[in-house]
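Here are a few friendly exercises to work through with the model open beside you. Try each task before you read its solution.

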Amino acid sequence: MIAGAKKPYVAHLNTALKLGKPRADAPLALDLFAGCGGLALGFEVAGFRTLGFEMDADASRTYAKNLHGECRQIFLEPGLNLADGADIIIGGPPCQPFSVGGLQEGSKDRRDGFPVFLDAVRRYRPKLALFENVRGMLYANRPYFEQIVGRLESLGYIVEERLLNAVHYGAPQRRERLVVAAHKGGWEFPKAENFGYTAGDALGDLLKSLPENPKFLTASMDTYVAKYERASKCVRPRDLHLDESSRTVTCRNLNGATGDMLRVKLADGRRRRLTVREGARLQSFPDWFKFEGAEGSQFNQVGNAVPPLMARALGLAAMRYLALADDERPAPKRSGRQLTLLEHA
Ligand SMILES: C[S@@+](CC[C@H](N)C(=O)[O-])C[C@H]1O[C@@H](n2cnc3c(N)ncnc32)[C@H](O)[C@@H]1O
């Protein structure tokens, strides 16, 4: 995408994620496990009305305060009445049951959100159902993933999955996510582009002065980090490298005093943890998007979110898909699923 000078990152965010009021007749997206609304922001920018469902009070408030859509604070279980009239259902069921950093108990993990997602698709029969999760779903839990796909197929959908990376949609972060679309023909994943934004592009102005209450690493934390890096055979220190895109932002590395934490090295050699706003910039939230709750809760909301720029690309793809007339929908490709596991270049 970049020919010549690229637009300054903050200006890029403000333009790409400018949020106008949705039209009253805009298609409706139900957003399950909505978090603070990273996914919903992208879909609202793409022209959808959204209605979120989320159990966490702070995240629900963040969604409702920043987006046009309502967010219902609710513990989702199969069988609940959600809302009629949905054109599409989107969502990010909790990834802990599938994350390679966890026990990967999949369907046996009580946090598994797929029964809820599938139940909603079965009841409301949207034109498109789209979910995102971690790559780990394709490993130890591959049989469960195939069951989920089979269930969607039995409901009459064509199912395609792809690993997308947020860096290809304009975020200054390498964040890979498995995205699965259950559709009726004619769905196209958004094209990957080379935006080239770095962590330095995203944070530059914020690093010129110290934030309020900066959290410097103490000497014992420095020692712990050094030990962690030796033990994990890190070739480069895991400080944020401002000349490249950031590694994946997570709840854990924003929140935690662990070897993995995201931190910047200052000119005087001290290292400090990122602020909520810095984490949000790396996730491609515009500065007008404000998070509710205590700092730890805000870090979780940021770390859990789908980067809004990647969500916008998916939202625009969903709009193009909905705009197809039924007779324009290509017949299902029999080999579609095998082909789509290739990562975008
Ligand atoms: C991966 S995050 C979703 C992030 C969101 N898609 C975004 O882009 O901001 C998963 C969310 O599901 C919520 N959650 C988990 N189990 C839930 C349940 N049974 N009912 C409602 N929300 C739930 C969590 O609180 C968390 O905010």
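Two strands pair if DSSP finds at least two bridges between them. Helices (H or I, at least four residues) and strands (E, at least two) are DSSP runs, numbered from the N terminus. The model is predicted: local features need pLDDT of at least 70, side-chain atom pairs count only at pLDDT 80 or more, and totals for chains, interfaces and linings use all residues. Residues are numbered from 1 along each chain as its sequence is written.

**Exercise 1. Parallel or antiparallel?**

Task: work out the sense in which β7 pairs with β5 and with β6, and β2 with β3.

Solution: 
- Step 1. β5 (residues 128-133) runs antiparallel to β7 (residues 176-183), with five bridges; here Asn133 has Leu178 of β7 as its bridge partner.
- Step 2. β6 (residues 158-165) is also antiparallel to β7, over eight bridges; Glu161 is bridged to Val180 in β7.
- Step 3. β2 (residues 49-54) and β3 are parallel, with four bridges; Leu51 is bridged to Glu70 of β3.

**Exercise 2. Describe the domain contact**

Task: say which elements of domain 1 touch domain 2.

Solution: 
- Step 1. Domain 1 covers 9-195 + 307-339 and domain 2 covers 199-302 (the bounds come from an automatic or database domain assignment).
- Step 2. In domain 1, 25 residues are in contact with 21 residues of domain 2, where contact means that C-beta atoms, placed from the backbone, lie within 7 Å.
- Step 3. On the domain 1 side, α1 (9-16), α2 (38-45), α3 (57-66) and α11 (308-323) give two or more residues each. The largest share, six residues, comes from α3.

**Exercise 3. Check a helix length**

Task: compare the span of α7 (residues 219-231) with what its 13 residues should give.

Solution: 
- Step 1. The expected span is 1.5 Å times one less than the number of residues.
- Step 2. Look just after α7: Lys233 takes a positive phi of about 50°.

Methods: Contact = placed C-beta atoms within 7 Å.
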